Amino acid sequence: MRSKPSFKINMPEINIYIIIIGITSTLLLFYNLYVGCLFFFGFIYIVFHNWRIANIRKKEWTKYIQNLSLDIDETTKKAIMNLPIPLCILEFDGTISWYNNKFYKMTESADLLGINIDSIIKNLNLRKVLNENKELYTEVKYKDREYTVVYNVIKNEQEKNAKYLMMLYWLDKTDYLELEKKYNEEKNVIMLIQVDGYDEVLKSTSEENRPLINLEIEKMLTSLETNTKSALKRTSKDKFILIMNKKELNEVEESKFAILDNIRNINHGNSLPVTISIGVGIDGETVNENFKLANSALDLALGRGGDQAVIKTEDKFAFYGGKSKAVEKTTKVKSRLIGHALREVILGSSQVYIMGHKYPDMDAMGSAVGIYDICKSCNKEANIVLDSSNESIDEFVKRLENQEYYNNIFINKDDAIRNCNKNTLVVVVDTHRPGYTECPELLGLTKKIVVIDHHRRGVEFINDAVLLFHEIYVSSTCEMVTELVQYMEENVKINKITAEGLLAGIILDTKHFAFKTGVRTFEAASYLKKMGADTVEVKKMFNSDVQDFITKADIIKNSKVIDNRIALAYSDREIENINVVIAQAADELLSVKGIEASFVLGRKNETVFISSRSFGHINVQVLMEKLGGGGHLDIAGAQIENSSLEDAYKEVYEIIQEYLQEEE
């Protein structure tokens, strides 16, 4: 229920009594003059006395408030003077106008007043504080101590003209940082070590020297264990596990994993070099997480050709080494096993889509057609996903389209995406990077993915493949597919044009059998020749017109030689097949005396293509990975979207300079 409003007079009670007495004395004057006068004089006295007492109390209260304010000011001053952190007040030009005892002890200076703080402490950046006009934090190192400086702008209202000052609070965090550093240094690190091609290396050594190889490997790893104060355990004939602290790992990193070079120098009559691959797992929440990271890092090191160390955290990688070429394996057991497994997967799928990388070359297209023939031998229809052709495969694509055997072999991306389902088999050839495939969307629409590739493994990888055939020592994907054709359980027959496409892919990636060519490469080429491949017809696939020759000549003429051994060049002509021409120009530059590596750039539409070649002394794969590309130790490339040729050229030049500085 709402209460009724009431009228209230804001008046002390004593004043009410005085008013009543005044009214009463006035009324008495009319009835009895003497009594009324007596009461009236009493009323006057009471009013005077009340006024005097109120005035005295007001003065006492004012004095009390003033004394209290002075006490508070004094307490505040003492509190600021004795603040447990350094504090100073500055004019806007940096002049020190006040400081407390802690700041005096911090600076250990005799007289600080009137001195500009920049002459004592550097890197305060006072100008930024003026612009920000708000509380700001910055990190300052002073006399081997680390401080977080809190800037605060204050306004002094006591003066006629308002004056602005800066208060600087100095928070010493040195002890915290040292504790944090100690904590990080004592984090555990799991290092997995594997001897590359252990059996092949021993077979290349005389029987009496094999124990010496083993002894030398273990001796060097034991020396690493001693120097890093870590724990080493041999888990199998070719595998070791090493546990150390992060502090020791940092020292190993500073030496660029010198153990890789030391192991490579082992020589006891072995014709194959002794190399190791190292996977390091750090910064995991538990030891188990670090172990999983180390396993993943070791797989990546092996997938990149071995003879290198890979450090893996939850979100990044670091690579060291990678100076040796992968050793060709003499056994073909894996090809037989993969061939059998591939046949089973093909037979169990509703349809098969085959795709290579964007802007496919003859290695990608030749291997794709090889898989197409395998599918036909299994009585399974297949299609190659291709949206548009390019200069490097135009001749081969025309031959395929003119043959009835290859009717409807190609399918565009939109139709492939529309028809793909969970039981569709997607075979990816000549790349293992999902973002580089002709149609990345297909990888998310099916549960059946097969990857066949020979490129050194990068950070981005198709991890959910049901079948992975990844051999980095092989010359080309076409060689791998040829072996699958050879060693599948049932005798697979391939068409003559398919054989020529496979041979063209091998010739392209080996540069006419000059690079990465092993015994198995010639065996594959021999088999393709047996299947009807015509070398003259293959050569015609690589024929180029006069305009291409002129462009290559301009590239070579205008090339720049860095450090007397690295050639850097570009073409400013926007021709349709610029990516093919710059690859050929990069090959030509390697024929120049003294050149160990070549980098050639060209632009088409909004994309800059980069082709790089090397004799193996310079790992061009590592350099191209910095631009988002990849490849092999001696053949690699990259594509930069939405970039000018000048910017890309400058970026490649800086990467080369950085590599040369690291090498020194």
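In the predicted model, strand S19 (residues 566-571) pairs with strand S20 in the parallel sense, and six bridges link the two. Within this pairing, tyrosine 570 has leucine 601 of S20 as its bridge partner.

Leucine 601, the partner of tyrosine 570, has isoleucine 610 as its bridge partner in S21. S20 and S21 form a hairpin with two residues between the strands, in which asparagine 605 adopts a positive phi near 60 degrees.

Strand S20, which spans residues 597-604, is mostly covered, with eight of its eight residues buried. This burial extends to both faces of the strand. On one side lie Ala597, Phe599, Leu601 and Arg603, and on the other Ser598, Val600, Gly602 and Lys604, all of them buried.

A helix pair was also examined. The axes of helix H12 (residues 362-377) and helix H15 (residues 477-487) come within 8 Å and cross at roughly 15 degrees. Because angles under 35 degrees count as roughly parallel, H12 is described as roughly parallel to H15. The crossing in which H12 passes H15 is left-handed. On the H12 side, the contact is made by Met362, Asp363, Gly366, Ser367, Gly370, Ile371 and Ile374. H15 contributes Thr477, Cys478, Val481, Leu484 and Val485 to this contact.

Conventions
Residues are numbered from 1 along each chain as its sequence is written. This is a predicted model: local features need pLDDT of at least 70, side-chain atom pairs count only at pLDDT 80 or more; totals for chains, interfaces and linings use all residues. Side-chain values use heavy atoms; hydrogens and water are left out. Buried means under 20% relative accessible area, exposed over 50%, partly exposed in between (1.4 Å probe, protein chains only). Helices (H or I, at least four residues) and strands (E, at least two) are DSSP runs, numbered from the N terminus. Two strands pair if DSSP finds at least two bridges between them. Axes are lines fitted to C-alpha atoms, for helices over the stretch in contact, and angles run from 0 to 180 degrees between N-to-C directions. Angles under 35 degrees count as roughly parallel, over 145 as roughly antiparallel, 65 to 115 as roughly perpendicular and the rest as oblique. A crossing is left-handed if the near helix is turned anticlockwise from the far one by less than a right angle, and right-handed if clockwise. Contact means heavy atoms within 4.5 Å.
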